[in-house]
Amino acid sequence: MAIQLKQQKKGVTQLAIQGELTIYSVLEHKQALSQYLSSAKDIQIDLADVTEIDSAGLQLLMFLKQEAVSRDISFSLSQHSEAVVEVLELLNLSKHFGDPIVISADWKSS
Amino acid sequence: MAKTIMIVDDSASIRQVVGIALKGAGYDVIEACDGRDALNKLTGQKINLIITDVNMPNMDGITFVTEAKKLPAYKFTPMMMLTTEAADDKKQAGKAAGAKAWLTKPFQAPTLLDAVSKLVLP
Amino acid sequence: MSELDAALTVFAQEAEELLTDMEDALLSLETKPDDSETINSLFRAMHTIKGSSGLFGFNAIVGFTHEAESVLDKVRNGERGIDAELISVLLDSKDHTAKLIEHCLTQKEAALPASLAADGERLIRQLTGRQTTDMQQSDDSVQLEIEGGGEISVDDNWLISLEFQKDAFRNGMDPLSFIRYLRTLGEIKQILTVASEMPVDDDMDPESCYLHFKIAFQSDANKQTIEAVFDFASDDCDIKILPPNSKLEEYLNLLNAQDDNHVKRLGDMLVQVGALTQNDVNHALQSQQANVDAEQEAPSKPLGEILVEQHVVQQPLVDQALKKQEQTKQKLASEANYIRVDASKLGHLINLVGELVISSAAMNLIVERHGLSDAGDVAASMNALVSSIRDTALELRMVQIGETFSRFKRVVRDVSKELNKDIELYISGGETELDKTVVEKINDPLTHLIRNALDHGIESPAQRVAAGKPAQGTVQLNAYHESGHIVIQIADDGAGLNSEKILDKALANGLIKPDHDLSQQEIHNLIFAAGLSTKDQATNLSGRGVGMDVVKKNIEALRGSVEIDSIEGEGTTISIRLPLTLAIIDGFMVGTGQDRYIIPLSMVDECIEMNANECEIDEIQHYINLRGQVLPYLRLGDYFHNQIADSNRKRESVVVVKFGQTKAGFVVDELHGEHQTVIKPLGKVFERLNGITGATVLGDGNVALILDVQGLIQAAIKNKSRPAPFLTSQRIQ
């Protein structure tokens with residue numbers, strides 16, 4: 001299961017994406033995540049277990065943010081994995097998502 | 001996690017040289033000696049780039065690319081054709097089949113690594 | 001002439017040429033307002049005049065041209081648009097500049113007359129007045145603005161714009177890979193990731209790519225290398241790479257350093273210095289072609305403009321390359337093609353060559369007379385040299401008629417405005433050459449004929465539409481060579497000549513008798529008679545009944561002729577036929593009795609023996625039946641009354657001459673063959689002589705008369721009793 005529903009209460013939906021977030025999985029991820037966009041008021045996505053992310057995966061995150069904004073849903077990413085941070089920094093998108101990023105000490109410096 | 005590259009060529013020496021160069025740069029390498037062999041070796045494992053010759057016995061490179069693109073696990077995998085300067089029509093056929101990258105033979109290791117790293121960094 | 005005076009003469013000449021060019025450029029801008037080349041030439045004209053006027057201390061000119069130059073500079077840089085109004089003001093400015101120059105040249109010390117100064121001030125106001133409103137237009141510098149915010153600084157950075165297409169992911173292209181690779185070549189200073197076209201909700205296909213990137217990239221790599229990073233994506237991505245501004249200087253220097261021995265195309269120049277890659281150029285050319293295909297009406301944009309629009313190169317680079325291109329062109333033009341020579345020196349040279357031709361003929365004669373066979377060979381080779389010197393010398397004075405033609409653009413434009421007619425001038429054959437002295441003299445008659453065509457020929461738009469013609473009338477100026485002559489045609493598609501009116505007028509004026517039997521052609525030619533104008537109301541342009549006869553006289557003074565062809569309701573074509581040169585001709589010498597005559601060789605069709613089997617002669621009717629063709633003839637001996645008809649005539653020959661469409665035979669005693677003939681004008685006393693246009697001095701010191709072939713043909717035709725009963729011809733022994 002690539003997406004895990006961690007908690008759902010008072011309209012706050014906490015999700016975790018696991019494994020790879022790439023062109024091979026984005027279709028599946030989008031379908032799984034879309035249902036929450038129609039119900040939740042606050043979506044928090046835990047990216048700690050994202051092992052790999054490519055442009056398609058990144059684009060999906062941008063899409064989710066875009067949809068959330070247009071539906072007035074509060075949206076946040078947390079626990080970014082090393083792979084996610086590398087891409088967000090490469091593309092200068094940290095600000096776009098506006099979430100605090102915690103950099104772990106045991107990551108290799110990139 | 002090291003990236004995995006498959007090299008498909010009927011020339012053992014080319015496979016060897018390419019293999020050494022890629023491994024030296026930090027990639028994992030899977031070798032196949034023709035299109036059919038390569039298809040057999042596509043068993044669902046993660047492959048980040050497939051480099052294939054065009055003229056090969058049993059199954060040529062273009063057929064192989066076309067077939068590989070039909071496999072769900074590999075339909076988005078970048079493919080690189082090894083072509084000769086003169087065979088521009090082959091390059092176009094390869095592009096049409098889905099191999100958007102190409103490398104002109106003969107090439108030397110640095111050129112290969114350069115081309116590969118545009119698609120997949122180790 | 002002092003040095004300063006000489007320099008002033010050059011200045012005047014140069015300024016005149018520049019102003020003429022400027023006028024041409026302005027007029028061509030009316031149809032092609034975006035032609036940067038033309039705008040550049042306008043700017044240069046004002047710029048150069050300003051510069052050289054400053055040298056002479058002509059401050060009035062400097063002041064005025066400076067204003068015009070500034071305006072044109074703005075136009076050139078795209079800060080100000082050019083429209084009909086501005087073109088009109090600039091045309092006036094051009095005229096004003098010409099007046100200023102004239103004033104400064106003729107009355108160096110005197111202050112500017114008040115009227116001229118006032119004109120200048122008015123023009124400056126018109127030139128600069130609208131500037132303030134227009135200037136706010138696009139200051140399209142190289143800042144890349146992106147929807148959704150942010151700008152990328154471009155001073156030291158390459159600007160890379162990547163617009164991936166939908167299938168990029170599916171084709172295995174991951175933009176991240178390329179961007180990561182890019183970092184191996186330099187430093188990414190800034191990057192903007194945008195997905196502004198990403199659809200919402202269900203329409204968004206996560207496997208399609210909607211990502212665009214703008215990257216500011218600092219690197220020492222060249223454009224080729226940077227472009228190569230995205231080679232594999234080229235099918236799935238629009239890639240645009242703009243060099244950093246700091247590179248500009250390097251490119252500009254390289255551009256300047258390019259050798260200027262041949263003119264290169266803009267794209268090639270920019271590729272050579274590395275500002276563009278061949279891909280950029282191909283891409284731009286494709287889109288230029290696509291534009292042409294899509295809308296054939298609109299003129300295609302210049303390549304430079306497209307390149308700048310596509311953000312692959314900066315405007316200053318394109319400007320510099322264009323400038324360089326122009327400089328190269330000019331340098332080549334001035335180096336290779338022209339040396340300015342005083343026309344009088346040239347005239348002197350041609351006179352000397354004329355004398356040389358005569359004395360070489362004299363020498364030949366002596367060599368022949370004394371039977372010096374070895375000297376004969378030397379004389380023959382010198383003869384050949386002399387005749388090629390003669391040809392070359394004459395060619396020096398040959399100029400293309402195109403410049404004269406293009407002056408009429410302005411005439412047509414102004415006159416048609418004045419007359420409220422819509423008339424377009426088409427020019428062809430402008431490259432046809434003729435002697436400069438002829439060109440100078442043909443200008444007035446041409447002006448008159450064109451004004452006539454505009455005024456009398458072309459109808460008003462309303463009349464034209466009523467007659468089922470397009471509202472816009474056309475006047476066509478054409479020139480071509482025909483057997484040693486230049487033919488200049490002025491054709492209009494107007495109302496044509498009304499034979500009835502001409503006849504009425506001619507009868508009223510007593511030019512013809514009621515029982516005339518004139519052909520249509522002859523009736524039309526009556527308009528060249530003095531005192532005939534068919535336009536009921538004379539305008540101030542033409543049509544006071546003087547003019548056409550003067551035109552004809554002027555043209556005939558040049559040993560030329562004029563013919564008119566008109567179809568009522570469809571238009572009129574006037575053909576002027578002129579000799580190419582007024583100085584030396586290839587003649588054909590004939591003799592009757594003791595006298596020698598020269599017929600211009602170009603008019604000789606053939607020579608036949610009198611009474612030869614191929615021609616029958618009718619002595620009574622005065623015509624020859626030449627292979628079934630009726631040919632009027634003239635005995636030159638009889639005609640010039642120098643010889644009583646001698647029944648014991650030896651062999652006679654007929655020289656068949658043609659002029660335009662007409663032919664006649666001249667009967668002579670002797671054929672002397674070709675002769676290089678230096679034309680000496682006849683004195684005033686002989687001006688009225690019929691049948692003679694000039695004389696030449698022969699090698700033995702005798703004089704030969706040059707025949708007026710056209711006049712003699714007319715005489716031969718008149719001589720032939722009319723109508724010629726062709727079938728009753730009798731053969732005489």
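In which loop of chain C does C:Asn420 lie? In this predicted model, C:Asn420 is placed in the loop between helix 16 (402-418) and strand 8 (423-428) of chain C. The legends below take this residue and other local features in turn.

**Figure 1. Two residues other than glycine with positive phi: C:Asn420 and A:Gln79.** C:Asn420 has a phi near 55°, a positive value in a residue that is not glycine. With a relative accessibility of 61%, C:Asn420 counts as exposed. In chain A, A:Gln79 also has a positive phi, of about 55°. A:Gln79 belongs to the loop between strand 4 (74-78) and helix 3 (82-90) of chain A, and A:Gln79 is exposed, its relative accessible area being 53%.

Figure 2. A polar contact of 2.9 Å joins the side chain of C:Asn478 to the side chain of C:Ser428. When neighbours within four places in sequence are set aside, C:Asn478 is in contact with C:Phe405, C:Ser428, C:Gly429, C:Val487, C:Ile488 and C:Gln489.

**Figure 3. The largest nonpolar core, of 126 residues.** The residues with the most contacts inside this core are A:Leu91, B:Ile51, B:Phe64, B:Met80, C:Ile160, C:Ile215 and C:Leu270. Helix 2 (residues 55-70) of chain A supplies the largest share of the core, eight residues. Apart from this core lies another, of 44 residues, which includes C:Met398, C:Val412, C:Ile450 and C:Ile458. In soluble globular proteins, nonpolar side chains tend to be buried together.

**Figure 4. Contacts of B:Phe64.** Residues up to four places away in sequence are not counted here. Beyond them, B:Phe64 touches B:Met6, B:Val8, B:Gly35, B:Ala38, B:Leu39, B:Leu42, B:Ile50, B:Thr52 and B:Met59.

Figure 5. A:Tyr24 and B:Phe76 form a tilted pair, 5.3 Å from centre to centre and with 55° between the planes. The pair joins two chains, because A:Tyr24 lies in the loop between strand 2 (12-21) and helix 1 (26-39) of chain A, and B:Phe76 in the loop between helix 3 (61-68) and strand 4 (79-84) of chain B. A:Tyr24 is partly exposed, at a relative accessible area of 26%, whereas B:Phe76 is buried, at 6%. In chain C, the ring centres of C:Phe178 and C:Phe230 are 6.1 Å apart and the planes meet at 50°, so this pair is also tilted. The pair links distant parts of the chain, 52 residues apart: C:Phe178 is in helix 7 (residues 175-182) of chain C, and C:Phe230 is in the loop between helix 8 (223-229) and strand 6 (237-242) of chain C. Both C:Phe178 and C:Phe230 are buried. One aromatic cluster is formed by C:Phe164, C:Phe178, C:Phe213 and C:Phe230.

**Figure 6. Charged residues over aromatic rings: B:Lys118 and C:Arg76.** B:Lys118 is positioned over the face of C:Phe232, 5.7 Å from the ring centre. C:Arg76 is positioned over the face of C:Phe43, 3.8 Å from the ring centre.

**Figure 7. C:His47 in helix 2 (residues 36-56) of chain C.** An unreviewed UniProt entry lists C:His47 under "modified residue: Phosphohistidine". C:His47 counts as partly exposed, because its relative accessibility is 39%.

Notes
Residues numbered from 1 in each chain as written. Chains lettered and ligands numbered in written order. Predicted model: local features only at pLDDT ≥ 70, side-chain atom pairs only at ≥ 80, totals over all residues. Heavy atoms only, no water. UniProt positions renumbered as here; feature names shortened; annotations may be inferred. Helix = DSSP H or I, 4+ residues; strand = E, 2+ residues; numbered from the N terminus. Buried < 20%, exposed > 50% of the residue type's maximum accessible area, 1.4 Å probe, protein only. Core = buried A, V, L, I, M, F, W, Y, C linked by side-chain atoms within 4.5 Å. Contact = heavy atoms within 4.5 Å. Phe/Tyr/Trp six-rings, centres within 6.5 Å; stacked < 30°, edge-to-face > 60°. Lys NZ or Arg CZ within 6 Å of the ring centre and 35° of its normal. Polar contact = N/O pair within 3.5 Å; in protein donor to acceptor, adjacent residues only side chain to side chain.
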